[in-house]
Amino acid sequence: MSKSLKKSKHIHIIKRSWGTHVVYHRLFGNLTVLDDKAAMLLDLFDDPVGGDDLALLFQQYGTYLNTFYDMYYLVEESSDEREEQNLDLEERARSLVDGNLIGGLQLNISDACNFACSYCFCDIVDERGQRRTELADSNEKLMPFEIAAKAIDTLLAKVKNTGKPGLVIKFYGREPLLNWKVIEKILNHYNHGEHHGARIAYAITTNASQLTPEIAQTLAHYKVGTIVSIDGPAASNDRLRRTKNTGSNTFDVIQQGIDCLKKAGALQALSAVVTEENFDEFDNRLVDLAEKHGVKEVQILPGVQGDFLGRMGPEKVIEKLYNIFVYGRRKGIAVSGYWLNPVISSLSTHRFRSTGEVVRTAPDSCAATGYQISVEPSGDIFPCRSMSMHLGHIDDFKKMLKTDAYKHVAMRTYNNVKACHGCSIEGFCQGPCPGNLEEKSNDIYQLDPFFCDVFKGIHEKVLSHFVTLPSYQ
């Protein structure tokens, strides 16, 4: 190699106490584990190395150095990998108008709910944005089948044309099962897409209060990924969640719904929101509850709309989430949440010189940034139920793809927020919920320092203790 090489300025190294180093490229991933010897070899390139010195090093350590070069750990002295990343972003922007990113449909099938949760993000979102306010005042709370079918048919046609493997449909909103008749009709009509030209997968998030054995069996039959929201043990859950009409506790009725799903084999995960109100009661008992019901996944969602956790301080939140994560691993239960997404993304993101493109095998941290559209009972389109950014109407989907609003949200992606440049998780983090940023600053390209600290803190702790890739010896 005739040019001088140097260590990339985008390399991040976490030194671990037992003599290994977690190393990755902040833009391209390529995470690996190096022993002390390999790490010292990489450190020789803190300053550019060329000429005879470089030739000698290649004679002695050619296998290592060729690998480091392929992984962008080593780069030419005059190069900057961000230029390659910018080309990728330009290509992404060009492809948006054709809907090439879209593979998901969030159907807000019900804007009615029988619970009154103190942290309800829907209530908060409905207070901002003219169209959100108008829809909140409307009596049109349940999506008719005709609107759902219009949205599904439109996106099925799009994913078939763009070569996506299929369409993911998520039944969402306030409490989806209050519109069970339409959900059931959708499942019966579309099945898994066998007669509609593309595979369809389904998911639902529910408070489980409306579940019956028959509903649970139908969800199981259609393999609907069913997530039940229950905010920890009884004291924690009931502090935040009451029934709307009587104000009574909700924990017992949620448990009954979970039992229905368990018997039918339809329960995928439990989902819990943690806020300042239930922070002290929120602990390992949620994992124990999942174990009791045979659930292998627990999603923990720090409250993002409103200042539900800001007064806690990021250190306390990091410690709480990390301790529950560790406890879940010991129990064989996956503890997840958007706070863990940068870890998953850093483990599954790769770009090698020999292949020439970034490959992300994990889904984006936020589906709202281009992958999905969110459709209301009226047919209005938003990026997500957590956002007030109005994109258009399902009757004019093609026009929506060409709007500045859609481009704005779809380009809120990895490496495209200048304030994030140089961050240790820049290439793996899309920030917190865009609805949180929208609420706090009306600018989804701004940062939330609290969540920045939480995400980086969790990332560092998990990689420091739990990455077990084979190290270079």
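Colleague: What makes helix α13 (residues 341-348) count as mostly covered?

Modeller: Six of the eight residues of α13 are buried. This is a predicted model, and the buried residues of the helix are N341, P342, V343, S345, S346 and S348.

Colleague: Which elements do the buried residues of α13 pack against?

Modeller: They pack against β4 (29-35), β15 (349-350), β16 (359-360) and α17 (449-466). Packing here rests on heavy atoms within 4.5 Å.

Colleague: Why is Q106 called buried?

Modeller: The relative accessible area of Q106 is 4%. Buried means under 20%, so Q106 is buried. Its place is in strand β6 (residues 104-110).

Colleague: What does the side chain of Q106 reach, and what makes that a polar contact?

Modeller: The side chain of Q106 reaches the backbone nitrogen of R385 at 2.9 Å. A polar contact requires a pair of N or O atoms within 3.5 Å, and the value of 2.9 Å for Q106 and R385 meets that limit.

Colleague: Which residues does Q106 touch, leaving aside those up to four places away in sequence?

Modeller: Q106 touches K170, Y172, Q372, I373, S374, V375, C384 and R385.

Colleague: How do you know that the buried residues of α11 line one face of the helix?

Modeller: In helix α11 (residues 285-292), the residues L286, V287, L289 and A290 are buried. Seen down the axis of α11, these buried residues fall within an arc of 155 degrees, so they line one face of the helix. They pack against α10 (251-264), β12 (267-274), β13 (297-302), α12 (314-331) and β14 (334-336).

Colleague: How do you know where empty space is left?

Modeller: Rolling a probe the size of a water molecule over the atoms shows it. In this model there are two cavities of 30 Å³ or more, and the largest cavity has a volume of about 60 Å³.

Colleague: Which residues line the largest cavity, and of what classes are they?

Modeller: The lining consists of D111, L135, S138, E140, K141, E376, P377 and S378. By class, two are nonpolar, two polar and four charged. Asp, Glu, Lys and Arg count as charged, so D111, E140, K141 and E376 belong to that class.

Colleague: What is known of the second largest pocket, its volume and its lining?

Modeller: The second largest pocket has a volume of about 170 Å³ and is lined by 15 residues. C420, C423, C429, L447 and C452 lie nearest its centre. By class, the lining of this pocket has nine nonpolar, two polar and four charged residues.

Terms used
Residues are numbered from 1 along each chain as its sequence is written. This is a predicted model: local features need pLDDT of at least 70, side-chain atom pairs count only at pLDDT 80 or more; totals for chains, interfaces and linings use all residues. Side-chain values use heavy atoms; hydrogens and water are left out. On a 1 Å grid over the protein atoms alone, a cavity is a set of points where a 1.4 Å probe fits but cannot get out, and a pocket is an open set with protein on both sides within 12 Å along at least five of seven lines; lining residues have an atom within 4 Å of a point. Grid points are joined across faces, edges and corners, and a volume is the space filled by probe spheres set on the points. Helices (H or I, at least four residues) and strands (E, at least two) are DSSP runs, numbered from the N terminus. Buried means under 20% relative accessible area, exposed over 50%, partly exposed in between (1.4 Å probe, protein chains only). A polar contact is a pair of N or O atoms within 3.5 Å; within protein, one must be able to donate a hydrogen and the other to accept it, and residues adjacent in sequence count only if both atoms are side-chain atoms. The arc is that of the directions from the helix axis to the C-beta atoms.
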